[in-house]
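User: I am new to this structure and would like to learn how to read its features. Could we go through them one at a time?

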Amino acid sequence: MKIQKAVITAAGKSQRSLPLQTLVDRDGTSKSALQILVEEIRSAGIEDIAVIVHPGDQAAFASAAGSHAKRLHFIEQTQPRGFGHAVLAASPFTTRDPFLLLVGDHLYVSGAASRCAQQLVEIAQSEDCAVSAVQATHESKLPYYGAVGGRLAAHRKGLFEIHTVMEKPTPTAAEQELIVPGLRAGHYLCFFGMHALTATVMDLLQSALQSSGSSSSIALSPALATLARQERYLAAELAGRRYDVGARYGLLTAQLAIALDGKDRDEVLTALLEVMASRARSA
Amino acid sequence: MKNLLEILTSTEPSIRHKALEAVLEGAGAEELIQASQILDRFRRDTDNLYARVRALLFLACIHRYQLPQALALTPPALEDIVTGKGALPFKGCEQLLHRRFEEAIDTFLSTVEAQGYSDCLCSALANAYHRLAFQTLADQVRRSVRSVRGNQWMFRMGHPSDQPLRIHPELLRRSPEGAYPILREETPVRMDLTHSGWSDIFFLSMDFPEGAHVINASIDLGVHNRDAHPRPPVSAWLRVLDEPVLRLTSVDLGATADVTSLAEVFDFAKDHLGLLKAAVIASGVVPPGMEGSGQSLAALLASMLGPGRGLEIVSCVNDIPKGSRLAVSTNLLGSLIAVCMRATSQATSLTGTLQESERRLALARALLGEWLGGSGGGWQDSGGLWPGVKWIRGVTAKETDLEWTISRGRLMPEHHVFNREELPVEALRKLEQSLVLVHGGLAQNVGPILEMVTEKYLLRSRREWSARSDSLSLFETLKELLKQGEIRRLGAETTNNFRRCLCTIIPWATNAYTERLISDAEAEFGDDFWGFWMLGGMSGGGMGFLFAPHRKKEAQARMLQIMHAAKRDLQTGLPFAMEPVVYDFSINEQGTTATLLEGEAALMPPAYYSIMIPALLKKDRGSLSQARRAELDSFGEASRSDPNLRDVVPKLFDVLLPRHRAESQGSNSLHELLRINGFDPIQHEQIRQDLKEGRIGLSLNRLRHDAVIECPKTEDVTDVRHESKAGRSLLEKHRRTGETSLRNGEIGVVTLAAGAGSRWTQGAGVCKALHPFASLKGRHRTFLEVHIAKSRRTVSEFGRVPPHVITASYLTYDPIRTRTSAQRNFGYPEPVIVSQGCSVGLRLVPTERDLRFAWEEMAQQHLDEQQQKVRDSLRASLIRWAQTAGEASDYTDNTPMQCMHPIGHWYEVPNLLRNGLLAQLLARNPQLKHLMLHNLDTLGANLDPGIIGWHVASGRCLNFEVITRRLEDRGGGLARVNGQLRLVEGLALPREEDEFKLPHYNSMTTWICIDALLESFGLDRDSLQDRERVASAVRSMAARIPTYVTLKDVKKRWGSGQEDVFPVAQFEKLWSDLTMLPEIQCGYALVSRQRGQQLKDPAQLDGWVRDGSAAYIESLCEFEPSPGQT
């Protein structure tokens, strides 16, 4: 399996402005979140990228993409019918090819030499199946994420065979369905906002669309749950962390994480210490 | 003894199911001690939980029953008893009180090693082993409940930010008027169709899953002649609020509270909302891990509902009486948990039925909730969550189960709902057409029964195990008959199950009331009465009677009359909590079901408004939230048009304008009763003042702290035990004198029966003398009947009728008179004389000082962790009650009979003087010289010629019988107090440890020389006619006897079968304090245990039967033959 296409979803009501936010990247230059995401994708060797936007947002996104704009395909999600529906909007672009899917409100900081998207794509290609990036997450954060249940894949650390997928499960359901051996108590594998998916997912979303009412919402997680029953589907714990830009102080946290991972680390650290020291003095 | 360990370790059923008694049959003391040592080593080493528990119960059994009997063959010498050899070490008793069972066992065993075994140490070891066994089991069930997947996370949450639950968005969707929708869960209750020997108890099903199964039906219920048709009796209602509070309301208990702190949520006994709080916690809305976190409830609610919001939860059981044996409470808990789970998206569907996995989770959480609330039944109790009729059975633990290697069975059973082919609908209809479901009105604590079931199962005692096996094989028959709709045969088999199996496993499953109902139904309906059906833990409350379908309607009406008549006859002796009722029922095919009520339909149950509106009316409409205003508008509209709300308005008037007339009538009758029963208002005021100002009180009951308490000397006590050589020879020596006295009519009996028997019924205010407490010689007998039967025996043996006097009080006089007259003196040749009490006291609200002294300073039994929390919470609220009601104020908030109290047994003999009864007795029987006075509880006290002879020969005024102390004999005893030999009450001992060093316990049986006693009062036979002189003599003697302040439990009954227990203060003077008066010559005789032991608590009954005490009492009695007997 060779992944050459990527999709960024950015049409959600609360997501629309997030990729347009400006941050200082690892190299010290100011960039929009969208640019950072595109660079994440390109690090995985993918040049063909679609961005799913709310109708009318294309110009702002093109502008925020800067020099990357020319390689982006903008696709409008004409009705606000959920995440799955947004992904399905990219099906004319992905056709029958596997693709990398990123959510527009997350940024990633890798803990390894290769970036997160690159790690994921390499795993998906070597395992020749759909792979979702996951991160062990405390149960108190379950209301914010999709989560998977499964067991460790025999041959590789950090790789799991997925049996179940649930969207924002209650801890009750998580404890009954999503316990994964090897994780700390009260932690579950939650989505990282990054998936390497096969064309089957588009089929499943299409079928969900057909069987749903004309205005009901289409989620991605049920399609992924079905995918796990139909074909081999893995979860990978990547060396890296995700940052939800849309969360409270999310942008600030993401900025700090990126800055502390980059060339201006000492400068930012010094500034942080100064703030803390002055707070301590005044207290 | 090799076999002993084999029973515990073998997987082979034929060995595993062997009875302890089979291995130890005929064993002597040495062998039993050796077996105990082997078992004790084994239970310390084994990793297997159930083998450990079974070994502990074997040890308890050996020390409770076998070893004391073997030791009794060589009773200890009086010298050894008096010097305290084999006495209880106080340290061990303290450890027991603090639930440090392992340490207590070690302390007792080291005393055994140093001093050898004694009857007393055996009782302590039996108790410690027994309780360690049950603690071990309870700990394991608790661990299993916590570790059920879906429950674990709740124990990890410690901060509001950790709360992962979110309210279901539908519940935040307001109506245009601003009202939030209401989620209503309606749940049937469960009816046990097979009663397989209480096999759903966790302890049993986790060890013997293959023997644990029931058929259990979900039913809708209505009270016959009250409700139009059966409906789900239990409902739980939930909605979002605009205030950051948890508003909990129980409409049946009329209780509501706005809970604003986490500490209050975990304060279960503060009010009547404990069940709702348990549900809120067990469902994860307030996770159990939040207890003691010091965090804010508002913050927790905000993370789940959004800032400033709260939750309102309301429970309703349609006024179904408590104790129905249909698991109403557990199903209400399940219903509340289900509604909370749905509201927080822990169930797939907000409305409709639950999925199987969700029902199982609700069951697991109901178990958790019951544990939190300090209660617990069996696993079938949440059956109402499931639809229709199901087979619930224990499951053997597999490798993937959490219980694997810990117990043979899983905590959670398996439910199989019968489909139409397995159980045709016609069969169910036939059942509905035959079964008359009733609540007999008796309220009883099932807890001890469930413990007995577990113990008897683990011991595999022959009769009980054989009955259990029969019950199991009967299960298949019952299942098949039910399926075929063969209700007549089904009735025969359920009766068979009750008679042959259940009553053999637990004889206390039945009682005189149930037996009477069954025999009346048989007499009335003949062949059309098809059988009796015991529901739940024991009979007397919820029960079933099967009739031919064509007579069901008639049977419903007649059973109500039969129950009312039986209650009328027995209620003076049996603690009824309510009037009997007959139910209408139908099988519920849905199980628990939820509906979302929106817009104008978003109204709580009608009774909710009777509770809420009075408070709302006092508020300015403008200050009410938009949601509340919208709700009141809807309610106003609905109350005009909805027939279901027709009763609400009159009820509202009742709440707003309580009917004054009824209250004042009640108060008048109390005053009237006080007046006619010799209440002394001046003395009462003095006592109140003294109590208020701290001149009297619990702490002041005690002797001075520097009082020297010592054991008696050998010469202080005479050994008259039948089992000791010295005792036998002394009895033999005096026997002839005693026989002569009996033949000459010199001896009479006085049975003390004026007390309220608070411990026996936890303050139910019934006459203990008339309690049909056990089946002796083929039927249930009352205490009174037993005592008369012993005197009948004396008549037969000696040809002379000893006068038999029963002393009574305001509470017991009329019932005893009525019963003795109705039963023609129980066949006694002469009238049984009932002595009327001459004075009463009025109970007082206790002082905080006394409550704290009783609960915080006096040594007392600690409970299991969660139960202790509940008890602490209850006690805190009772202290608040005492403060609010007014310390030392008159206790009048109860029925008049429950507000008065008898003033102690010291007065019962002086009453004989004052009411002229002794004078009459002596006039009729001038030869009468001596009386045997005994407590109602002391069933073994009889007119033993040897003891009579000894008493007569002694020439003393009073001779008291004492017994060697066992652990359960709490209270004072015979002591030298500052060098003076006397009986000292437990509440007068200056230090807790003094009690344990006194080897002799006072049985209260007293031999009285009438003339000497009169002389001590300054009277003689002639002056008894002089009322004034007698009254003055009694007054001056009373002034020399100490007055004790005591706390007694008193039950207040309310609602439908609800009971609250309050501690009240009262004063009393006690008979044995006469021993402190130097001019009264007193002697003390050590009698055998069976003669002197007392039955104070129904929990003693089973052991009393098993250790041979009941058979001993039977041997002393000559009961009046039943009609038809010769």
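Analyst: Helices (H or I, at least four residues) and strands (E, at least two) are DSSP runs, numbered from the N terminus. This is a predicted model, where local features need pLDDT of at least 70, side-chain atom pairs count only at pLDDT 80 or more, and totals for chains, interfaces and linings use all residues. Residues are numbered from 1 along each chain as its sequence is written, chains are lettered from A and ligands numbered from 1 in the order in which they are written, and side-chain values use heavy atoms, with hydrogens and water left out.

User: In which helix is A:Leu269 found?

Analyst: A:Leu269 belongs to helix H10 (residues 265-282) of chain A.

User: How do I read a salt bridge, and how many does a search of the whole structure find?

Analyst: Side chains of opposite charge can pair when their charged atoms come close. The criterion is a side-chain nitrogen of Lys or Arg within 4 Å of a carboxyl oxygen of Asp or Glu. Over all chains, the search finds 90 salt bridges. One of them joins the side chains of B:Arg247 and B:Asp258 (2.7 Å, N to O). B:Arg247 lies in strand E5 (residues 246-250) of chain B and B:Asp258 in strand E6 of chain B, so the pair ties together parts 11 residues apart in sequence.

User: Is B:Arg247 buried or exposed?

Analyst: Buried means under 20% relative accessible area, exposed over 50%, partly exposed in between (1.4 Å probe, protein chains only). B:Arg247 counts as buried because its relative accessibility is 9%, while B:Asp258 is partly exposed at 37%.
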